[in-house]
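This report goes through one structure, from whole chains down to single residues.

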Amino acid sequence: MSAPLLLPMATTVGDPKVNIAIFALFVVFTLAIVIRASRNNKSAADFYAGGRSFTGPQNGVAIAGDYLSAASFLGIAGAIALNGYDGFLYSIGFLVAWLVALLLVAELLRNTGRFTMADVLSFRLKQRPVRMAAAISTLGVCFFYLLAQMAGAGGLVALLLGIDNRAGQSLVIAVVGIIMITYVLVGGMKGTTWVQIVKAVLLVIGAGIMTLWVLAKYTFNLSSLLGAAVDRSPAAGEKLLNPGLQYGATGISKLDFISLGLALVLGTAGLPHVLMRFYTVPNSREARRSVTWAIWIIGIFYLFTLVLGYGAAALVGPDAIRAAPGKANSAAPLLAYELGGEILLGVISAVAFATILAVVAGLTITASASFAHDIYGQVIKKGQVSGDGEVRVARITVLVIGAVAIVGGIFANGQNIAFLVALAFAVAASANLPTILYSLFWRRFNTRGALWSIYGGLGSAIILIAFSPVVSGKVDKKTGASLSMITDTNIDFSWFPLDNPGIVSIPLAFVLGIIGTLTSKEGTNVDKFAEMEVRSLTGAGAEKAVQH
Amino acid sequence: MSDTPRAAGDPELTTYRDVQLSPDFSELRRRFRRFVFPMTGLFLAWYFLYVLLADYAPGFMSHRIGGNINVALIMGLGQFVSTFAITLLYVRWADQKFDPDAKHLRDQIEGETK
């Protein structure tokens, strides 16, 4: 075992040329796969759902690829390295949440829908208003999630290429955006899925090697790793291992912890880009298998993040992480450099880049499908449009969303991405999950209930975030620096005390769904409900795989 | 068990509504809900118990068990174990107990209502 390397205090870590070369290799390799996979892209089912021809295990790996975003890798490792045990809640919440998807949503959704979440929500309610609402909330969730990923791209670039001026970082964010747009336009869902698969395999292997390496340094004794992390973190000390370092300070921060826990566990089953992945398999049994595979991969990966986070605290140290350009988000790359020098750093960074690229591609295809299929195809054209026409609109939407992602990423640059993703989860859990569950399981549920729940959940979540300390008015007590998105400390329009809105907006959306339903005179569409219930449980009449 | 084989092409099952009201389907739905709802309640209760303990009982959670391993870490890893266990249980139940009956009904419907 080698002695720990001295960490350079310069802004660049490793050799930018190596980093760029490894990343370029990945882009070329995956682009080749995308082009190969796209040869059979003909119909709308091909573009949106990869022809429904992926197997359960393939889709499970792709789901893991979609889900293990930069937030999971960079964000959680950083959160654990700096905030200790409180960062571990992200891992646990993100994993347990999959049980909601497995037990209540995945198979039933696969059996009733075609391309998007809105297909299921509007199945037995008034088509146009519900579809519109579901599409708007899909776009909203995708936007927050995109923001998080692009912010991560900026921080990573800052670290790896030594670009610490905003203009240079913005340029690289734009390049990442353009590569992603190319993937989606060329490959559709099929190409995107293969990128997810390749990336998931690389990510799990990369994180696995680092985990074993860290453990080997402590003779596979978790307790001595934890001890070393404590020794290296004099400011936090013992508290690094105990709950409460980040959230235990006040009654308000404790509520924030519950709010975060709620958003994490209920968010996954409402994430539109995850839900859309269930349509890429031929039937509900394969949907079940894919979730099972995803749960195993995701669970094992999150166990790695525990070791990586404490490993970064022990081997890199919190001061070096805070001083690095990407702050908490750079804990994992710094750890890679500490362990394996510039080659491992290059590989891990390329994997992290690939992660961002793949997740952004998945989000973009979901958002574009939702706009083209739901808003353009069903609401504007009332279903009187060919699949080709829809796909053309979807492709244009991809360009627009790509541009939005680039601009948003430039603004959000520098925020902790696990935290930004948690906001996306809060929006998904508020706006989508109540309506999904009600329309699957509650006979009486009707259009007004759906609209109140979706718009109420979406609106309250976004309003509470806008007036929370995340956006304005959070100041570091020691340094006086701003911790909010608006970095001018004179601007403070926050009145909602919590960072995460989940504890208010999620129950509110559930209650609004009930009140809206009970105050509406609209009766249940008995035949449509019968069709939905029978199809969801038996799989009769479900969309079949495309034959080529 | 209610899944006594019925002659294929049951003339009574002409619409989804007929299927929904049939005893076979009611039984299928009842069994699905009897597995899935309690399981959901169980894992959510266990998860929130963990969150609340971490939040409001840090003293208990910080209790050392051996070396630097404390109660919080064990309970956190316990969430992983329970998630894996519930996944295995559900998949086994769904593959063996639920799918055959669902397929049986599906075959009847797709043969008749379309």
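## Burial and overall shape of chain A

Of the 548 residues of chain A, 66% are buried. A residue is buried if 20 or more other C-beta atoms, placed from the backbone, lie within 10 Å of its own, exposed if 12 or fewer do, and partly exposed in between. The model is predicted: local features need pLDDT of at least 70 and side-chain atom pairs count only at pLDDT 80 or more, while totals for chains, interfaces and linings use all residues. Residues are numbered from 1 along each chain as its sequence is written, and chains are lettered from A and ligands numbered from 1 in the order in which they are written.

Chain A has 20 helices and zero strands; helices (H or I, at least four residues) and strands (E, at least two) are DSSP runs, numbered from the N terminus. The radius of gyration of chain A is 23 Å, close to the 24 Å that the globule rule gives for 548 residues, so chain A is as compact as a globular protein of that length. That radius is taken over C-alpha atoms, and the globule rule is 2.2 Å times the number of residues to the power 0.38. Along the principal axes, the C-alpha atoms of chain A fill a box of roughly 70 × 55 × 45 Å.

Two residues are in contact if their C-beta atoms, placed from the backbone, lie within 7 Å. Among the contacts in chain A between residues at least 6 apart in sequence, 83% join residues at least 24 apart.

Chain B has four helices and two strands, in the order α-α-α-β-β-α along the sequence. Of its 114 residues, 28% are buried. Residues 24 or more positions apart make up 61% of the contacts in chain B with a separation of 6 or more.

Between the two chains, 40 residues of chain A are in contact with 41 residues of chain B. On the side of chain A that touches chain B, at least two residues each come from α5 (85-112), α9 (222-232), α10 (251-267), α12 (284-315) and α20 (526-538). The most come from α5(A), which gives nine residues. By class, this side of chain A has 24 nonpolar, 10 polar and six charged residues. Here Ala, Val, Leu, Ile, Met, Phe, Trp, Tyr, Cys and Pro count as nonpolar, Asp, Glu, Lys and Arg as charged, and the others, Gly among them, as polar.

Two packed helices are described by the angle between their axes and the distance between the axes. Axes are lines fitted to C-alpha atoms, for helices over the stretch in contact, and angles run from 0 to 180 degrees between N-to-C directions. Angles under 35 degrees count as roughly parallel, over 145 as roughly antiparallel, 65 to 115 as roughly perpendicular and the rest as oblique.

How do α10(A) and α19(A) pack? Their angle is about 50° and their axes are 8 Å apart, with α19 covering residues 502-519. This makes α10(A) oblique to α19(A). Residues in the contact include Leu255(A) and Ile258(A) of α10(A) and Ile503(A) of α19(A). The contact residues divide into eight nonpolar, two polar and no charged.

The axes of α14(A) and α15(A) come within 8 Å and cross at roughly 130°, and these two helices are therefore also oblique to each other. Among the contact residues are Val360(A) and Phe371(A) in α14(A), and Val393(A) and Ile401(A) in α15(A). This contact has 11 nonpolar, six polar and one charged residue.

Ser386(A) is in the loop between α14 (331-380) and α15 (387-412) of chain A. Ser386(A) is exposed, with 12 other C-beta atoms within 10 Å. Ser386(A) and Ile406(A) are 20 residues apart in sequence and 31 Å apart in space, C-alpha to C-alpha.

Most residues other than glycine have a negative phi. Thr219(A) counts as exposed, with 9 C-beta neighbours inside 10 Å, and Phe220(A) is exposed with 11.

In α9(A), the buried residues are Leu225(A), Leu226(A), Ala229(A), Val230(A) and Arg232(A). What covers them includes α8 (166-217) and α12 of chain A.
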